[in-house]
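Have your viewer ready and follow along.

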Amino acid sequence: MPDKTGSLAVLCRPGTDYEAAAGLLLLSGKKEIHFICFSDGDSLPPAAVRAVRGLGRNRGLHISAIFGKPPRPGVFKALAGMDFSPYARISAGEKLTGGFLRALAGAAGAACGYGYRLRGLISVSPGTAGRLTALLEELPRRGVRYALLNPDPGRGLSRKEEAGFLKALSGPVGLANKKRDGDHPPRIQIENTLAGDEGGLRPWDPLFSRGEIYPLCYLLGGSFRTALEKNEPRGKYAAWEKSFLKFGSLFSSLMHGAAMQWTEPSENAWITRSFLDGDIYSQRRFVRRHLPGMGSVFMFIASGCLNDCVFCQRKKPGQENDLAAINSFLDSNRFVGHSKISILGNEPLLEPSILEIIARARERGFRRVEMMTSGNILRSAEFCRRLAGAGLTEVSIPLMGCSARAHDALTSTPGSFDDTIAGIAAAAAAGIKVYTHTNALKQNLRELPEIETFARKTLKTPFCIFSLRPKGPGAMRLPYAELVPSYSEMIKALSGRVDSLLGFPICVQRRIQGDAEVPAGEIADGVKLYMMHQNYTKPAKCGNCAAAPSCMGTFSRYTEIYGDSELSPARKAD
């Protein structure tokens, strides 16, 4: 059954001829395949394992398995290296025994050893919704930090009861989203809030079963599964089904709203939730579907920050990074074979174990290790040599001015310019490739041509200038309106003087630098992701622009301040 990605999904319930199902998938010719298996126990039937192995490590193959009990470690070993999403079924209405919880923790640990994430598939009804909060608090203690809710409203809910059920579900989901520590994600994430085409399973996905099409949630358990197992004619529950699907639409809208509750408003929540927080397998899937030109996978290391830039808010150290999760991510590359990883964070070099993390990345097959850093710490030539020795190959460093006076004024950190310049020289001397970049601000607008020349000719580094994104309340030391120049100001100050703009509206960019573009090889992968991670928008007037498919657009906050009259859409050829 085609799903929202244009791939083919097949659902295999116990008793299915798995190898025949796999054969049909191969005959379909689809590049993206989602193979979904049910198991009432803690393992997969040997025939199911043979079937998916028969499909090979097809780059477009994604396997989801739903287990009635926490899966055995052997399951992960049998599917090692394959894009696999395991789910353990849990009922919000059942008291979890000590034995079950120990088995759940063991399964989560075993999954982690192969780079997988065990998810909880939680069945919840109006009568059990009150227990959901306690369950969501318990699961992370057992190593389960991802959950998929499968709500079952049952038969005949009134509108008032339906609204009450949705409210009962929204409370725990909202609470889970808010339990963060700085840049660390919530302790448990509700997968229903992921973008529609990235989650391993979605309860209302249409799937083919018994000659008819049903939403997946019908088959996951609860009232509808009972009806189907009794072979009740579909017409017998047509009215109930219509009501159920309406509830599903309301629930999906609720989850979509919840997706934004823990992401920074200026960030693209789709990238944050579906990509940056993904394991190495889901990142590979995302890149294959949406970012085919991207060469890296990415890992975020939360930390404090050395600078206190005017367009940001200095981050303070939060909870320690989960080194087991970091190692699991890196270790899984033994099975996947990516050649490059980009390490992100406010200042990853503040992580005490950063040398060990870099070395482990190289040991696990990453031939290139890139990092975004302020550059301040790199002033130590000895530390740069140790970083290079561990395996760091590339760094991307911000350059806010070409003098101490200009740079330090924007970083609010005296001495940061001298440290950064010394760090660039030390990194280059250690054999580490250096990329540089800056933001276009009112405060450095007239100096941008000099910064570009300084970066390229004096420092001999690739360089780009990108736009400033607006951030949420309290996330910027100075208001966005006091920092961002208008496009008209940029055109007046920069036309014909720079050729390194990146991520501005194409119509603006062309008026400044013509058809010049920064070569892809001169842009760090971390910067590429930074650009795609912004919450860009396109005004209505841009809808018919000939450049729209390749233009990132602007920001809503920008148009609130300056309007959209500076934008000049290109006419499409007749």
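Helices (H or I, at least four residues) and strands (E, at least two) are DSSP runs, numbered from the N terminus. The model is predicted, so local features need pLDDT of at least 70 and side-chain atom pairs count only at pLDDT 80 or more, while totals for chains, interfaces and linings use all residues. Residues are numbered from 1 along each chain as its sequence is written, and side-chain values use heavy atoms, with hydrogens and water left out.

**First stop: a glutamate in a strand**

Select strand E12 (residues 368–372) and pick out Glu370 within it.

Now show its side chain. Beyond four places in sequence, residues in contact with Glu370 (heavy atoms within 4.5 Å) include Lys340, Leu392, Thr393 and Gly526.

**Second stop: a helix pair**

Next, select helix H20 (residues 487–494) and helix H21 (residues 506–513). Their axes, lines fitted to C-alpha atoms over the stretch in contact, with angles from 0 to 180 degrees between N-to-C directions, come within 9 Å and cross at roughly 20 degrees. H20 and H21 are therefore roughly parallel (angles under 35 degrees). To see the contact, display Tyr487, Met490, Ile491 and Leu494 of H20 with Val508, Arg511 and Ile512 of H21.

How values were computed: Angles under 35 degrees count as roughly parallel, over 145 as roughly antiparallel, 65 to 115 as roughly perpendicular and the rest as oblique.
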